[in-house]
Amino acid sequence: AGSSGGSAMAQPDEPRPTVVPCRPLPARICDVARSDRPRSCCGMAMAGYRTAKYQLPEWHRRNAGVYYNAIAASEDAERGRAESKHLAKHAAANAQRAQEYSKSTLSQRLGDIHFWRMELQKEIMELDAETNLLAAQKLRLERALDATEVPYAVVIDNLECRERRQPPDLVIDEVERQLLQEADLIRDIRDLLKRTIIQATTQIRSNRIQKENCELDWSDKVETYHIDDKCISYCPDSTNVQSHPSSLKFEENASTPKTWAQFSHDNISRAEQEKLASVQLRSLINNIIHDASEDLRMQRAAGNEALGSHCRQLDEAKLRLEQHLEQILKDIGEEEANIVNLKKAIRDKEAYLKVAQTRLYDRSFRPNVELCRDEPQFRLVSEVEQLAVFLEALKRKLMESEQNLKNLEETRMKLEKEIAVKANSIFIDRQKCMSNRVRYPVDLEVASYK
């Protein structure tokens, strides 16, 4: 009773509840210290009801904490709603800007694709037209090659007819040199035409390969243009848009804008190079056919002139046989002396070469770091190379001298037998060779268009 009365008296002095931050509740009072318990029996009986309850100040503080938590939760919810609204508005504006920017970049990308697509298409058309022109030039080469068969047959027939001359008159004269030169010229022309045909075939193949590369690039550009054009048409209201989370990952083999543009630029550059090479080859083919026709015409005239001149020379040859024989004998002696001198010079140079090579061989056994590429080493190598050049030149000159000596000997023998065979030689040159050359076609340039 005393305790109840004391609580009632203290009620007017209780503090007003204040808003305090939320904190854990104080521990409940479960027991009372033995020294504080009332000593009366009544107090002992009521102790269990008092010790298990909160104190009134604590109750007020707890209520204040609940109010604070409610107000704080309300404020947090209001702040969250404002932030959500602001975030939604910001996200919508950002998404709109991002989509417009993406659409702008796609539009710019379409312009780039269209530019390269048109450049590739232009290059494809030009390369195709150039390939057709080159194919026409290749056909001219083939016709010109066919037109060289008759001249070559005539020259070979002339050479074979002149091979039937009797041995004293079977010499390598100017006519034969002209005929051999003519035969070599025709063979060279045929070989040149064949090589140029192969070159034209290779160039046509390269043109078509590069055209195919440009066509593949152009086809990819067309397909990409349609894809990006379709992408521009997409909007949030489109019915054919779906969620593709995996599309965010870049492909490992994806190109960069720089490598993408460089790829098409390289294709066009290679196509331009092939086109330029094709144009140059067509010009070269024109020059080859024109020059071949001119060379063949000039060589035919030279051959005819040589034949006519040789026939006149045959008529005069009988009067000069003795003079020529005397001169030939003198030339033979000089050539033999020249050959002896050349052989001696070769032996002398070989001795010098052996000395230089032996020096190089011995110096190759220098130990360790002494095996040095010093100035003597370079000088010895230079000496060996120089001697080898001189030796090769002397040997070539010796071979030429020996051949000249052989020709002189043959000429001497032919001069001695020349009188008996002159009529036969004149018959072959005039009746066989010159009459056969009348059907000689020379204009390859005209023949290439037929």
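Is arginine 79 buried, partly exposed or exposed? Select arginine 79: with a relative accessible area of 44%, this residue is partly exposed, where buried means under 20% relative accessible area, exposed means over 50%, and partly exposed lies in between (1.4 Å probe, protein chains only).

**Before going further**

This is a predicted model, in which local features need pLDDT of at least 70 and side-chain atom pairs count only at pLDDT 80 or more, while totals for chains, interfaces and linings use all residues. Residues are numbered from 1 along each chain as its sequence is written, and side-chain values use heavy atoms, with hydrogens and water left out.

**The whole chain**

Show the chain as a cartoon and you will find nine helices and zero strands, the elements being DSSP runs numbered from the N terminus (helices are H or I, at least four residues; strands are E, at least two). Of the 450 residues in the chain, 29% are buried. When contacts (heavy atoms within 4.5 Å) are taken between residues at least 6 apart in sequence, 89% of them join residues at least 24 apart. The chain exposes about 30700 Å², of which carbon and sulfur atoms supply 56%; accessible areas come from the Shrake-Rupley method with a 1.4 Å probe, and for residues only the protein chains shown count as cover.

**Colour by confidence**

Now colour by pLDDT, which is the predictor's confidence in each residue, from 0 to 100. The chain has a mean of 81, and 84% of its residues reach 70 or more. Confidence is lowest in helix α1 (residues 2-9), with a mean of 38, and highest in α5, with 92. Over residues 1-23 the pLDDT is below 50, and this stretch has 13 contacts in the model beyond near neighbours in sequence. Residues 25-42 likewise stay under 50, and for them the model has 16 contacts beyond four places in sequence.

Side chains of opposite charge can pair when their charged atoms come close. Because arginine 79 and aspartate 76 are three residues apart in helix α3, about one helical turn separates them. Aspartate 76, at 41% relative accessibility, counts as partly exposed.

Staying in helix α3, select valine 66, which is partly exposed at 42% relative accessibility. Val66, Tyr67 and Ile71 form a nonpolar patch on the surface, with about 300 Å² of accessible area together; such patches are made of residues with over 30% relative accessible area and no salt bridge, nonpolar side chains (Val, Leu, Ile, Met, Phe, Trp, Tyr) being joined within 5 Å and like charges within 9 Å.

Glutamate 130 lies in helix α3 (residues 56-147) and is buried, with a relative accessible area of 6%. Leaving aside residues up to four places away in sequence, glutamate 130 touches Lys275, Ser278, Val279 and Arg282.

Move on to lysine 275, whose side chain meets that of glutamate 272 in a salt bridge (3.4 Å, N to O). Both residues lie in helix α6 (residues 257-317), three residues apart, about one turn of the helix. Lysine 275 is buried at 15% relative accessible area, whereas glutamate 272 is partly exposed at 33%.

In helix α5 (residues 174-233), select aspartate 217 and lysine 221, which lie four residues apart, about one turn of the helix. They form a salt bridge whose closest N and O atoms are 2.6 Å apart, and both residues are buried. Then select Arg162, Arg165, Asp173, Glu176 and Asp429, which are linked in a network of salt bridges. A search of the whole structure finds 23 salt bridges.

**A last stop in a loop**

Finish at asparagine 368, in the loop between α7 (321-363) and α8 (375-436). Its phi is near 50°, a positive value in a residue other than glycine, and asparagine 368 is exposed, at 75% relative accessibility.

Definitions and conventions. Salt bridge = Lys/Arg side-chain N within 4 Å of Asp/Glu carboxyl O.
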